[in-house]
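Trainee: Here is the model I would like to go through. Can we take it one question at a time?

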Amino acid sequence: MSAGDTVAIQESSSRDVSSQSDEKPPIIKEKSHELSTLDSLSNKQDGASNGTGVTTLKLPGFLDSPSPTFGSQSSFQNATFVRQKNGWIPKKQYRLKNSLLAGVGLLELGNAGDFAANAWNQNPIPHFAMALMALGGTLALTISILAFRDAFLSRKNIRNLREERRFLWAQKADLGAEISRDLDSQLDMNFRELGTEYVERLGMDIAMGFGAIMVGIGTFLAIGGANPRIFRASNLLSGYIGNAPVALFGLCNTGLSVYVWRRAHRHGRAATKEVRSTVFLRRIRRVKTHAAINAITGVTAGAASLVTATHWEGYPVLIPCIISSIVCNYLWRNRIGYERPLIRQRIDMDKASLIRELKHTTSTREIFRTGDPSEWLLKLIPDPDSLPSILEFLGANDLFDDFCLRLLKDKTLARSISGPLGQEVTIDVQTSLAADKVLHSKMVKKQ
């Protein structure tokens, strides 16, 4: 089992653990550190395992592991935040964010907003059809706003992933072939994530957002269809001009979905040779299900959108596509999508530590399934009333930023620890531990 295989097993497991309970502990929220397993799992099935510079995973203290966590960054020791109108945000977001908006699941519905304009493409236009056109045009234009908002969020992820990719290539250039195998799996992971952001988010937002604008304008113009020029312009905008980008996106999205499904299938076969984990297999099934639905929806909706340009019969075909788009959006936001810190330092791994991490993930899932949430921290942290123990756990699990954000919501406590709060504040572990012992108990309550 190579480094590329073992990293994929660990990466895919932790997302599933955090989603097992509807009740989340105060700070151990759904965090998805599995990094996109599907991209690094079977890439190196025939390669040799890395035997140099191996770093054991740092798991929570009760596992007595002294080494740093796989994927953890030293930045958890301090965090800088800037003040915004709605609160505090990290000054620099060194994370891949699961920021897909729920509203973009309605883009297929927005592009069907010209139903009335195409179904009653005649003169004179019935009054009820005019009302439906006004409603459909408004819906299409409103949903297009969500598309471009989501494109802005996706662009942030793309910028961060490209920065990470440059770092990984620079590391690969400085290392030998044996050590660079680990970097290959991380580059593959990064490639798949960039593909998702470029095609399934940014491409979807631009193509379908543009299509929704054209459909919305064309639908409003259809209300004044008595004018021959307006009638022709309406037919063009709500016809091929508005629907052609949707069809093009459907083809691209189908291609990417087929690629993701095939890789997930290979990763599942590769991993089950070493470890049979329900957590991992569930993750694989979800990814393959999402990819299959996405592929079928993409090609079907693309074809149906071209039919609707001239025939209303295409709209009934769009109904299941609208429903499946909403389902895919939900699956991604709640079951597949994840957040992770960007790789900003060299990460080594070995088979034993990754399998141990998978077992820890499975045991954590069982803890979250217990009936009493108050018992979660007692089982996860050796001393849940000790601030040093809690800070160690938060740092090891990439939760220090969340802890700081909760701390900053209590202005009195934040001032007591960091002094006057300006437009920018830095909180670090040393400052927190050096605070008055009386404040420790208050900070513990913020976990």
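Trainee: Which residue of S5 is the bridge partner of Val82?
Mentor: Keep in mind that this is a predicted model. In S5, Val82 pairs with Glu424.

Trainee: Which strands stand at the edges of the sheet?
Mentor: The sheet is open, with three strands in the order S2-S1-S5 and antiparallel pairing. An edge strand here has a single partner, so one of its sides lacks a neighbour in the sheet. The strands at the edges are S2 (87-90) and S5 (424-428).

Trainee: Which helix packs on the sheet, touching S1, S2 and S5?
Mentor: The helix's direction makes about 45 degrees with that of S1. The helix spans residues 400-409. The answer is H12.

Trainee: Are H12 and H13 roughly parallel or roughly perpendicular to each other?
Mentor: Their axes lie 5 Å apart, at an angle of about 110 degrees. Angles of 65 to 115 degrees count as roughly perpendicular. H12 and H13 are therefore roughly perpendicular.

Trainee: How many charged residues are in the contact of H12 with H13?
Mentor: H12 contributes Leu407, Leu408 and Lys409. H13 contributes Lys411, Leu413, Ala414 and Ile417. By class, five are nonpolar, none is polar, and the charged residues number two.

Trainee: How much space lies in the largest cavity?
Mentor: The structure has five cavities of 30 Å³ or more. The largest is lined by 23 residues, with Glu200 and Met204 among the closest to its centre. Its space comes to about 330 Å³.

Note on methods. Residues are numbered from 1 along each chain as its sequence is written. This is a predicted model: local features need pLDDT of at least 70, side-chain atom pairs count only at pLDDT 80 or more; totals for chains, interfaces and linings use all residues. Side-chain values use heavy atoms; hydrogens and water are left out. Axes are lines fitted to C-alpha atoms, for helices over the stretch in contact, and angles run from 0 to 180 degrees between N-to-C directions. Helices (H or I, at least four residues) and strands (E, at least two) are DSSP runs, numbered from the N terminus. Angles under 35 degrees count as roughly parallel, over 145 as roughly antiparallel, 65 to 115 as roughly perpendicular and the rest as oblique. Contact means heavy atoms within 4.5 Å. Ala, Val, Leu, Ile, Met, Phe, Trp, Tyr, Cys and Pro count as nonpolar, Asp, Glu, Lys and Arg as charged, and the others, Gly among them, as polar. On a 1 Å grid over the protein atoms alone, a cavity is a set of points where a 1.4 Å probe fits but cannot get out, and a pocket is an open set with protein on both sides within 12 Å along at least five of seven lines; lining residues have an atom within 4 Å of a point. Grid points are joined across faces, edges and corners, and a volume is the space filled by probe spheres set on the points. Two strands pair if DSSP finds at least two bridges between them.
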